[in-house]
Amino acid sequence: MTGSEIRDRFLNFFAERGHTIVPSSSLVPHNDPTLLFTNAGMNQFKDCFLGAEKRAYVRATSSQKCVRAGGKHNDLENVGRTARHHTFFEMLGNFSFGDYFKKEAIAFAWEFLTKELKLDTDRLYVTVYTDDDEAAHIWHQQEGVPKERIYRFEEDNFWSMGDTGPCGPCSEIFWDNGPGTGCGSPDCAVGCECDRYMEIWNNVFMQFNRQPSGELIPLPKPAVDTGMGLERITTVMQQKTSNYDTNLLHDIIRHIASLAGKTYGDNEEHDVSMRVMADHSRATAFLIADGILPSNEGRGYVLRRIMRRAMRHAKMLGFEDPILYKTAVFVLEFMATAYPAEAARKDFVAKVVENEEERFIQTLDNGLRILQDEVAKLAAVGQQTIPGATVFKLYDTYGFPVDLTADIVEKDGYILDEAGFKSCMEEQRKKARAHWKGSGEEAVSAIYKELVDQGVRSHFSGYQTLEDEGKVLALIRDGEVVEEVTCGEMIEVICSTTPCYGESGGQSGDTGSIGNQQAQLRILDTRKPLPELLVHSCEVVTGALRKRSKVTIKVDAGRRLQIVRNHTATHLLQAALQQILGDHVKQAGSQVTPERLRFDFTHFSPVTHAELKQIEELVNSEIRRNTTVSNREMAADEAIAAGAMALFGEKYGDRVRVVEIGAFSMELCGGTHASAAGDIGLFRILSEGGIAAGVRRIEAITGDTALGQVHQQQQRLEQIGQLLKSDPANLEQRLQKLLDHQRQLEKELEQMQAQANANLGTDLLAQVQEISGIKLLAARIDGSDGKQLREISDQLRDKLQSGVIVLTGDCAGKVPLLVVVTKDLTSKVAAGKLIKPLAEIIGGRGGGRPDMAQAGGKDAAQIDKLLNAAPQQLTALLK
């Protein structure tokens with residue numbers, strides 16, 4: 001039975017028993033700032049378990065893609081070296097939100113394993129929490145598991161979401177791999193650290209709410225969260241001892257072996273490298289398909305670590321050119337049936353991975369050379385710890401993740417000075433911006449969840465109107481619900497209906513007013529903390545407003561008009577970018593304000609001026625066509641199948657709003673838009689630049705703002721024309737003539753300066769003195785900078801032929817110093833050694849080559865003292 005067949009059987013089994021099949025959520029967790037990646041099936045149901053979210057079903061089942069890497073899961077070095085360590089894996093699960101509990105959950109698990117998969121019951125064992133007599137009784141009495149096969153544990157059999165909140169006992173199911181796979185000890189049993197007894201299913205019974213005091217209070221509606229790793233159960237069904245030997249991974253390994261021209265199983269080190277590449281190719285493909293890009297921070301850094309470790313192992317297999325992008329594409333094609341949306345992004349994934357590989361290959365050889373030099377130095381003195389500063393340099397300059405460096409030197413018995421590395425990292429963080437502290441999303445305030453639970457909902461009417469009436473459902477002051485607010489207070493208002501758009505999807509929230517005969521409020525912002533809730537941040541301008549009052553809500557129409565112009569322009573911009581730059585362009589973020597629009601997109605090189613001109617012209621062409629902007633509601637799957645662009649990793653409902661601008665643009669979008677493209681008026685790009693590896697940013701303006709910029713630029717041209725005594729049409733020609741004339745004058749000036757320096761050089765030769773048989777010229781030349789002193793010294797050296805030259809002077813308060821020694825004397829006098837004591841006299845420092853050294857000082861009053869000291873310092877060096 002293949003892994004795909006097991007996945008399908010599992011989902012269908014629970015669907016037949018009243019469970020709703022819920023698609024895997026993104027690897028980027030939503031509404032959970034504590035989580036780096038989705039790492040368990042229950043992540044997307046967290047608010048359901050907490051009672052903060054109600055869904056249309058109380059039973060669910062899913063096959064969730066997961067990544068465990070980074071943070072506390074920082075054990076990359078084990079991946080590929082053990083039978084069951086992975087970065088990417090799939091977790092099968094069934095969930096009950098206050099519906100069934102232990103009796104049914106245990107029955108479902110046992111039936112699926114023993115009836116559906118027909119596993120041998122003699123090789124199955126179960127564990128329960130140490131005092132969970134109820135679960136033990138169900139296993140024995142209901143399912144007939146012998147008491148001697150039921151083990152009780154404490155530490156591993158109690159689960160909690162945190163220090164407080166829902167928690168409860170676990171009951172795990174173990175599979176006996178057989179005596180030939182374990183430690184061989186006669187005492188080996190469930191709980192042993194060896195590989196014989198393998199956990200395949202975990203039932204978590206959430207029946208308590210842990211209080212801050214530690215007290216466990218029974219939940220009114222206990223819940224069930226179960227998980228079974230697809231890789232592990234596939235290992236059992238295919239009678240393998242390693243996850244890597246199942247078809248889920250072995251087909252990928254076979255593909256890698258074919259590309260490398262090697263046979264899996266012939267060489268253990270090569271086998272490790274192939275396993276690493278197989279696992280990391282899965283993580284790479286799915287993380288990028290969900291919109292995560294390699295970088296030096298947060299999720300992007302974890303992805304880069306995974307990718308570069310895979311690239312290092314590719315090199316160990318003999319690959320010199322980029323190869324990971326090919327294996328990542330193979331993964332997406334191999335898993336396309338289960339994950340069609342991710343497979344559809346394979347071209348984009350390939351471009352991202354290949355770009356990262358090319359960058360890494362460029363730096364890998366240089367970094368390896370530095371590491372080899374360091375190892376050689378340590379070997380010479382009998383030490384085996386790579387200094388933290390070297391590890392940091394490899395990380396910071398050459399992109400070597402720490403575990404990659406450790407991986408490379410481990411086989412030769414070297415370890416890393418991790419404390420030293422951390423010290424260097426901490427120093428860098430003080431100078432740079434703060435490191436990632438969560439997912440980047442704000443946690444939703446509990447007050448909003450409580451209001452939603454109480455049935456508070458906001459209807460958005462702003463697609464149709466800019467003014468509407470509604471009822472005040474809630475007033476919030478300082479985080480607490482109140483009955484009344486009065487003049488001068490800063491508060492939040494939730495109404496039954498509002499035309500104000502709440503900030504989301506990159507679009508700014510509306511401003512405006514709320515009022516009735518008793519009170520007037522100024523809306524400063526509108527937010528959307530939850531899908532069902534629109535919250536107005538307000539200042540009470542006059543009067544007092546009570547809960548349940550009827551009010552009129554008005555949107556600032558002028559501001560909204562500027563926003564919709566900019567928002568519709570972002571849709572035109574994205575479509576234009578894809579036409580000009582390629583289909584790999586995907587939205588990576590946006591911000592739409594009344595003043596301008598900002599659009600972040602995936603692309604791997606700077607956009608040229610010619611391309612920017614094409615993009616701007618294409619957008620303006622569509623604006624002039626004045627195509628109607630239409631919108632409609634569709635099923636999400638239907639919309640994406642029709643070609644609507646969706647944001648990577650975005651969580652969409654079953655029904656979505658599709659915004660179309662003729663045949664030019666089609667996107668899933670809940671924002672507000674212009675009625676027709678012509679309403680935008682004019683589109684102008686302000687800037688384009690890189691903000692991260694593989695991510696570019698365009699800032700642009702539209703409408704009156706864009707027209708104002710055109711007028712401003714025209715006014716500047718006219719002012720410049722007046723300065724140059726030319727009309728704007730001939731400015732370029734006039735400016736070119738002026739530049740040509742300036743270059744001619746500069747050339748003549750240089751010739752005159754050279755002649756003056758030649759004459760000066762002749763005069764200075766009269767100041768030559770002889771020190772111990774060596775000619776010394778120490779002279780003051782005021783008004784000359786370092787470059788001019790070098791030009792003068794060249795002429796003096798040619799005329800002097802053999803000797804030492806010391807030149808200095810006052811140049812606008814600065815004191816340049818130059819020491820030149822002719823080639824025949826450098827064995828006796830080094831310019832770099834002579835300049836140091838002289839530079840100290842003028843309060844400066846310097847150095848250089850044996851034949852020429854430069855310095856700069858700031859004490860012009862000591863110049864004569866320096867020149868008088870030159871003979872003495874030269875004499876000292878000659879001794």
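**Reading rings, helices and loops**

Modeller: Phe10, Phe13, Phe14, Tyr100, Phe108, Phe112 and Trp201 form one aromatic cluster. Keep in mind that this is a predicted model.

Biologist: How many aromatic pairs does a search of the whole structure find?

Modeller: The search finds 26 aromatic pairs. Take Phe10 and Trp201. Their ring centres are 5.8 Å apart, and their planes meet at 50°.

Biologist: Is that pair stacked, edge-to-face or tilted?

Modeller: Look at the angle between the planes. Under 30 degrees counts as stacked, over 60 as edge-to-face, and the rest as tilted. The planes of Phe10 and Trp201 are at 50°, so this pair is tilted.

Biologist: Which parts of the chain does the pair tie together?

Modeller: Phe10 lies in helix α1, residues 3–15, and Trp201 lies in strand β8, residues 197–210. The pair therefore ties together parts that are 191 residues apart in sequence.

Biologist: Are these two residues buried or exposed?

Modeller: Under 20% means buried, and over 50% means exposed. Phe10 is at 0%, so it counts as buried. Trp201 is also at 0% and counts as buried.

Biologist: What does the pair of Phe101 and Phe205 look like?

Modeller: The ring centres of Phe101 and Phe205 are 5.7 Å apart. Their planes are at 70°, so the pair is edge-to-face. This pair links distant parts of the chain, 104 residues apart. Phe101 sits in the loop between β3 and α3, while Phe205 sits in strand β8. Phe101 has 16% relative accessibility and counts as buried. Phe205 is buried too, with 0%.

Biologist: Now helices. At what angle do α11 and α12 pack?

Modeller: Helix α11 covers residues 346–381, and helix α12 covers residues 388–398. They pack at about 170°, with their axes 10 Å apart. An angle over 145 degrees counts as roughly antiparallel. That makes α11 roughly antiparallel to α12. The crossing of α11 past α12 is right-handed.

Biologist: Which residues make the contact?

Modeller: From α11 come Phe360, Thr363, Asn366, Gly367, Ile370, Leu371 and Glu374. From α12 come Thr390, Lys393, Leu394 and Tyr398. Sorted by type, the residues of this contact are five nonpolar, four polar and two charged.

Biologist: Last case. How far apart are Leu789 and Val819?

Modeller: Check sequence and space separately. Leu789 and Val819 are 30 residues apart in sequence, and 9.8 Å apart in space from C-alpha to C-alpha. Leu789 is found in helix α21, residues 786–800. With 1% relative accessibility, Leu789 counts as buried.

Biologist: Which residues is Leu789 in contact with, leaving aside neighbours within four places in sequence?

Modeller: Leaving those aside, Leu789 is in contact with Ile781, Ser784, Leu807, Thr808, Pro816 and Leu818.

Technical notes
Residues numbered from 1 in each chain as written. Predicted model: local features only at pLDDT ≥ 70, side-chain atom pairs only at ≥ 80, totals over all residues. Heavy atoms only, no water. Axes fitted to C-alpha atoms, helices over the stretch in contact; angles between N-to-C directions. Helix = DSSP H or I, 4+ residues; strand = E, 2+ residues; numbered from the N terminus. Parallel < 35°, antiparallel > 145°, perpendicular 65-115°, else oblique. Left-handed = near helix turned anticlockwise from the far one by under 90°. Contact = heavy atoms within 4.5 Å. Nonpolar A, V, L, I, M, F, W, Y, C, P; charged D, E, K, R; others polar. Phe/Tyr/Trp six-rings, centres within 6.5 Å; stacked < 30°, edge-to-face > 60°. Buried < 20%, exposed > 50% of the residue type's maximum accessible area, 1.4 Å probe, protein only.
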